[in-house]
4 protein chains.
Amino acid sequence: MPPAPAVPRYAYLGPEGTFAEQALRQATAGGDTAALVPMASVDAALEAVRSGDVDAAMVPIENSVEGGVSATLGALAQGEPLLVVGEQVVPVTFDFVVRPGLSREDVVRIASHPHGLAQCRVWLHREFPKATLVPALSTAGAAEALLDPATPWDAALCAPIAARRFGLAPMLTDVGDNPAAVTRFVLVSRPGPLPAPTGADKTTLAAYLGPDDHPGQLLELLEQFAVRGVNLSRLESRPTGEGMGRYYMSIDAEGHVAEARVAEALKGLHRVCPKVIFLGSYPRAGGDSAPVRAETSDAAFAEADTWLRAIRNPITPPTSP
Amino acid sequence: MPPAPAVPRYAYLGPEGTFAEQALRQATAGGDTAALVPMASVDAALEAVRSGDVDAAMVPIENSVEGGVSATLGALAQGEPLLVVGEQVVPVTFDFVVRPGLSREDVVRIASHPHGLAQCRVWLHREFPKATLVPALSTAGAAEALLDPATPWDAALCAPIAARRFGLAPMLTDVGDNPAAVTRFVLVSRPGPLPAPTGADKTTLAAYLGPDDHPGQLLELLEQFAVRGVNLSRLESRPTGEGMGRYYMSIDAEGHVAEARVAEALKGLHRVCPKVIFLGSYPRAGGDSAPVRAETSDAAFAEADTWLRAIRNPITPPTSP
Amino acid sequence: MPPAPAVPRYAYLGPEGTFAEQALRQATAGGDTAALVPMASVDAALEAVRSGDVDAAMVPIENSVEGGVSATLGALAQGEPLLVVGEQVVPVTFDFVVRPGLSREDVVRIASHPHGLAQCRVWLHREFPKATLVPALSTAGAAEALLDPATPWDAALCAPIAARRFGLAPMLTDVGDNPAAVTRFVLVSRPGPLPAPTGADKTTLAAYLGPDDHPGQLLELLEQFAVRGVNLSRLESRPTGEGMGRYYMSIDAEGHVAEARVAEALKGLHRVCPKVIFLGSYPRAGGDSAPVRAETSDAAFAEADTWLRAIRNPITPPTSP
Amino acid sequence: MPPAPAVPRYAYLGPEGTFAEQALRQATAGGDTAALVPMASVDAALEAVRSGDVDAAMVPIENSVEGGVSATLGALAQGEPLLVVGEQVVPVTFDFVVRPGLSREDVVRIASHPHGLAQCRVWLHREFPKATLVPALSTAGAAEALLDPATPWDAALCAPIAARRFGLAPMLTDVGDNPAAVTRFVLVSRPGPLPAPTGADKTTLAAYLGPDDHPGQLLELLEQFAVRGVNLSRLESRPTGEGMGRYYMSIDAEGHVAEARVAEALKGLHRVCPKVIFLGSYPRAGGDSAPVRAETSDAAFAEADTWLRAIRNPITPPTSP
């Protein structure tokens, strides 16, 4: 590592020109003063964080159409601990770029990442019913390759940032079957101080259920949140990889672990689950703060604490002389 | 009050010779070194505690046939705070005593406290179908009066201790319709240090529900216990006296407030209920300790605390030079 | 029984002149066309119903100051089945009557049922601090006895109806420590057709818990109601009489068993409890109907039924020829 | 459609030689008497069912490593109703096939479906650290293409059935990072009669939560199952596609809708959720029947029904003449 500069280094799911790069630039206000390092896979990006090679990595965690991103959820829940310190929501609409010099009628083969092709399936069928679809390893790679005369495809669906990066004037923009489609990315670092609470935060967890999935075990888990008034914004059963039917729960809870209701819910979880992995408390993208009910506010917890302390350690009234 | 002796003074629901006196002697191992003061009512006994006139009072709280004792439950839940520091369970079977000199055939009128008459109703009907039943202000009073020739009854049903006290040889003992009948008495003192936990304790509470008894409010209250694995050994809705349909919950929970699961449940109750009155943590009569599930033990709570503290205040690994 | 008249016969907790008679006259609009039969005890009144000697009986079930009436709750939960077919709420304020000819200063001994004395305790202490209190078997009996010169007391606290009945001009009316005090009475008959639902009904039950009161068993019982949106207006643990710590739950639920949500909750209870006793569905006194949430209305249940039937018995679309 | 034969036609996620074909042959005991029709996508396969072009389709629904298959879960939850009538669990280990004539040292480029590459990532890195990985549209297509001299890759990872089909002798078998990896496939037909209950069944649902995801709404959903003792073997929040944070719950419950406890739970769900889609009750792969608790058996439900009917329609004892 260079001794002098202390320029922060951020990895992202590459190559250059992906939606992940777009998310990272969004998070770093352009990223001009940071080194942005594209990585070949989510695993590689997170491994670079763990090894200290980069300070943090931006990886996709959830897509509004496809759901949770297995590679990221899996990598966070296994291996050396990591910490989510922020999130970015990026609209997922594509630029349609073609090999320079070609016109629309020339397009016979269209490439993109399989997920990109899937999200434009209806559009492709309508606009290019006869085109052959070619899976590529990334949306950006599919675009960049158009600059190489040997590439066996004529057009690509890619992130707007890729079109700009590779100097490809998009023939069409805002392409996609679902105009509301977004992907949520998380910025992941090594364990360290948590982002300060903002009043509109999110806490991410992985909670394992015991081997004996008796009726009500999941209910018991959820009650740990409900009884402290903690809302869940995401709850997914994810395979542990140990075989069909073995799951852990991937959870986003509203609030910050610095808040009493979240802290007590987590402690409850820790008691009833064989394993709980804390993955971070960080500001919610969007930043709208949900109202907290009076009886689950920090003030209510503090008051209950004071009350209980007085019960446990009563001050005996002095006897009259 | 006498300046010197410091002999403890205990009130009880009198007059002399009641089951309450029996409970108090049971608790004080005979009570020889204490001053036992009979009081005319539960209210008077508890008032004597509040005023400092006595150190504690023994009053009935629950009968295995009749249920909760309104006077005691009501007096504990209102007025200056009091603390239950112990309990005694006393078998409720009666001695049948007659005026000295009379034989069984002479018995025409039989007196006792109305509860005493109620608990011997079947027996009375079988053994003395023609007798007139006379309500008295106490079982002991009914017995003692037999020594007064002017008393208009011939026999009484009273506690064994009363028969002995007044020198009345019981004509019959172990009288009562339900041989398993017992009354639970509590020893009540002013607020002060709690009895130390023994592993087989009980915590008594009064918890008020809000004015709006929406479906599930009681459920919410119970979940505060359930989610921390705290069992309830008694749960009664009691009128608040503010009108039909307005209740508070009178609760006996297993465990001591010095235990983490009980403490957290109480704090939860304090947050969700408009008012919670802590009435004491004290050794259970019988003293059988119920097993505590591993995930709700003090050790589990302590470990969860440690885990959460580490999450909130992570130790940043030192950066390599 | 007389062959001809068919005048309905109603028993009540006597003697003549009690609050129970007042409740019965309230229920029968004066009761002029019915035979009203005073009985010596709740047990006797209910026994007369069981034996067919009367058509129904009016007995107290709950007092807004003292709570549930053990004798009634106990008698309903045991023995031959009975059915509550109506309820009446009666204000419990007393007339203070004195022996004809006496003035206030002459009053030395005051009689009433012990519960009457208890409910006027503060008033008695303030107005007659030196009077001797005499327990009587009923408030009405205490009043009527004033007409007998041999009666050893000078005044009585009784129901207004008793003062009128015995021609005793009350010296004071509306006496009582709690002006809001009321007693709820129930009209009990033999099993038969249920009163039709009115939209403002109540269902009364006795539900037994199993011998193994594990944490959560009571919760499980309550969830049977909560999950169907059935509110409880009363919930009391009552002793089964089999020993300290053995309870059944005495329950008033809002709604009528003819309504789907109540019916399903009762069936759930029947499955999870060793024993459930149905004691009646009848119009609520007061008659205010609580709003039923859309998802727990009879319409919602009926629609769910239709939906499920279609799932179980799908109509196979005819195959094209 | 041909008028005569009535040979059943089954679609599957093609092309020929996929794990889906393997699942279908497993289900049809070889499939010799049926027409098996490969389709280009899950959507196309299910569309063929809806249109009546085929009788049923075999599509992947869940992978023990990656989790739920978005394309299938999404297609089932939208559009014309479909019915799952069976499931098959297929081990996901790969054959490693090379272009005929090449030896291991000749392998420079390796192709497979991206999921196939992901599931062999560790193995590929260890065995062929220098190879270029090429994404293909299917594992089978990657293999078949090896027969074409123009194909720009040398080896493929494919299902055993593909190697056999295309006459490619596998260089290595049982390849994969996770030897326990399996994929669960479902056989989907148009709505029609349900498979008969076997005692070891599964019911699949999609349940939508309301727009207002208040704390406890998910809990309410789960309680509908818990209170009837119905265990869940899978619970996933899936995006509705309407934007980040909008989910429906994809659920596998243990039991058959012909069973009372499952039926009542579904009806409860129908009442509290804005939308519930029933996707089928069918025999569980593996076929181990989980024990049903006595209080949630069909017998217990039937008995409760009988009890309630008697309550609602009591037989009035005949009056004496």
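A:Asp174 counts as exposed, with a relative accessibility of 60%. The model is predicted, and in it A:Asp174 has a positive phi of about 55° although the residue is not a glycine. A:Asp174 sits in strand β10 of chain A, which covers residues 172-175.

**Asp174 in chains A and D**

- Is A:Asp174 buried or exposed? A residue counts as exposed when its relative accessible area is over 50%; A:Asp174 reaches 60%, so it counts as exposed.
- D:Asp174 also has a positive phi, about 55°, and is not a glycine.
- Strand β10 of chain D, residues 172-175, holds D:Asp174.
- The relative accessibility of D:Asp174 is 62%, so this residue counts as exposed.

**Chain A as a whole**

- Chain A contains ten helices and 15 strands.
- Along the principal axes, the C-alpha atoms of chain A fill a box of roughly 105 × 55 × 35 Å.
- Chain A has 321 residues, of which 55% count as buried.
- If one takes the contacts in chain A between residues at least 6 apart in sequence, 76% of them join residues at least 24 apart.
- Chain A carries 26 positive and 36 negative side chains. The centres of these two sets lie 1 Å apart.

**The interface of chains C and D**

- The size of an interface is often given as the accessible area lost when the parts come together.
- Between chain C and chain D, the buried area is about 3,200 Å², and carbon and sulfur atoms give 62% of it.
- In chain C, the residues that lose the most area to chain D are C:Val227, C:Arg271 and C:Trp307, together 22% of what that side buries.
- On each side of this interface, 37 residues are in contact with the other chain.
- How many salt bridges does the rule find across the interface of chain C and chain D? The rule finds four.
- A salt bridge also joins the side chains of D:Lys267 and C:Asp305, with an N to O distance of 2.6 Å.

**Cis peptide bonds**

- In chain B, a cis peptide bond joins B:Gly14 and B:Pro15, with omega about 5°.
- B:Pro15 lies in the loop between β1 (9-13) and α1 (19-27) of chain B.
- In chain D, D:Gly14 and D:Pro15 are joined by a cis peptide bond, and omega is about 5°.
- D:Pro15 is placed in the loop between β1 (9-13) and α1 (19-27) of chain D.

Terms used:
Residues are numbered from 1 along each chain as its sequence is written. Chains are lettered from A and ligands numbered from 1 in the order in which they are written. This is a predicted model: local features need pLDDT of at least 70, side-chain atom pairs count only at pLDDT 80 or more; totals for chains, interfaces and linings use all residues. Side-chain values use heavy atoms; hydrogens and water are left out. Helices (H or I, at least four residues) and strands (E, at least two) are DSSP runs, numbered from the N terminus. Buried means under 20% relative accessible area, exposed over 50%, partly exposed in between (1.4 Å probe, protein chains only). Contact means heavy atoms within 4.5 Å. Lys and Arg count as positive and Asp and Glu as negative; His and the chain ends are not counted. The place of a charge is taken as NZ of Lys, CZ of Arg, CG of Asp or CD of Glu. Buried area is the accessible area (1.4 Å probe) that two parts lose on being put together, summed over both.
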